[in-house]
Amino acid sequence: MTDKSPVSVADTQTLTSLGKAFRSTLSRDLLIAFKRRNDILNPVMFFLIVVSLFPLGVSPDPQQLSVIAAGVVWVSALLASMLSLDNLFRADYEDGSLEQLLLSPQPLYFMVLAKNISHWLVSGLPVVLLSPVLAYMLYLPSEAYGTLFISLLIGTPVLSLFGSIGVALTVGLGSRGLILAVIVLPLTTPVLIVGAKAVADVSFGLPVGTHFAILGAMLALALTIAPLASAAALKISVN
């Protein structure tokens, strides 16, 4: 017992220190985001505008809108997520705090994960909460509202996690808009396809359990791989 107690105490202290670092990174990013209101408003307003323009550009006919509603909402959510991705590491890179984060004794995986969670809470969660309202505007069948909400709730974190890889690779570049899109879109398009297909299938009375399982698997994969890949990309970009 006496031989094991120092190890367990050291492990407890390490976990406590890691938990404090994780919470500090998360709360810091949230505080900065709420001080910069544009970081919250821009993706939400973009999402609202894009969805609202589709009835004007396609057709106001309820039958036609109900057919494309799922794809419209999901494409708009993807574009809104990409619009906010540039804020993920840019400010930290410019003020030098990103270098301090890389030099931290804490595992970089958890620090990057905390920043991803903060990004999703600021830009992804508002989109998820607004989606039923916009779906109603597009005449989406009422039985598909729950599926749309759940699919976005599972899928939008995947968009943030995979998007962070592209941001980490391009954080040191001056002009990165097109390069970021080229990197991120192939990673996030499968999420868009599965999410939109789930909503479309439930509108026709088809089972959607498989779609949710695939989205869940994508989320598990993103949580496992994306922070590691982003951490490695940040080290390359900063060095």
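Close-up A. Asp29 counts as buried, at 11% relative accessibility. Buried means under 20% relative accessible area, exposed over 50%, and partly exposed in between (1.4 Å probe, protein chains only). Arg28 and Asp29 form a salt bridge, with the closest N and O atoms 3.2 Å apart. A salt bridge here is a side-chain nitrogen of Lys or Arg within 4 Å of a carboxyl oxygen of Asp or Glu. The model is predicted: local features need pLDDT of at least 70, side-chain atom pairs count only at pLDDT 80 or more, and totals for chains, interfaces and linings use all residues. Residues are numbered from 1 along each chain as its sequence is written, and side-chain values use heavy atoms, with hydrogens and water left out.

**Close-up B. Lys115 forms a salt bridge with Asp29.** The closest N and O atoms of this pair are 2.8 Å apart. Lys115 lies in helix 6 (residues 108-137) and Asp29 in helix 1 (residues 5-35), so the pair ties together parts that are 86 residues apart in sequence. Helices are DSSP runs (H or I, at least four residues), numbered from the N terminus, as are strands (E, at least two). Both partners, Lys115 and Asp29, are buried.

Close-up C. Lys197 is partly exposed, with a relative accessible area of 42%. Asp201 counts as buried, at 8% relative accessibility. Elsewhere, salt bridges that share partners join Arg28, Asp29 and Lys115 into one network. The count of salt bridges comes to three.

**Close-up D. Helix 2 packs against helix 6.** Helix 2 (residues 37-57) meets helix 6 at an angle of about 25°, with the axes 10 Å apart. Axes are lines fitted to C-alpha atoms, for helices over the stretch in contact, and angles run from 0 to 180 degrees between N-to-C directions. Helix 2 and helix 6 are therefore roughly parallel. Angles under 35 degrees count as roughly parallel, over 145 as roughly antiparallel, 65 to 115 as roughly perpendicular and the rest as oblique. Contact residues include Phe47 and Leu48 of helix 2, and Val127 and Leu130 of helix 6. Contact means heavy atoms within 4.5 Å. The contact residues divide into twelve nonpolar, two polar and one charged. Ala, Val, Leu, Ile, Met, Phe, Trp, Tyr, Cys and Pro count as nonpolar, Asp, Glu, Lys and Arg as charged, and the others, Gly among them, as polar.

**Close-up E. Helix 6 packs against helix 7.** Helix 7 spans residues 145-170, and the two helices pack at an angle of about 150°, with their axes 9 Å apart. Helix 6 and helix 7 are therefore roughly antiparallel. Helix 6 passes helix 7 in a right-handed crossing. Among the contact residues are Trp120, Gly124 and Val128 of helix 6, and Thr156 and Pro157 of helix 7. The contact residues divide into 14 nonpolar, seven polar and no charged.

**Close-up F. Thr156 sits in helix 7.** Thr156 is buried, with a relative accessible area of 4%. Not counting residues up to four places away in sequence, Thr156 touches Trp120, Gly124 and Val128.

Terms used: A crossing is left-handed if the near helix is turned anticlockwise from the far one by less than a right angle, and right-handed if clockwise.
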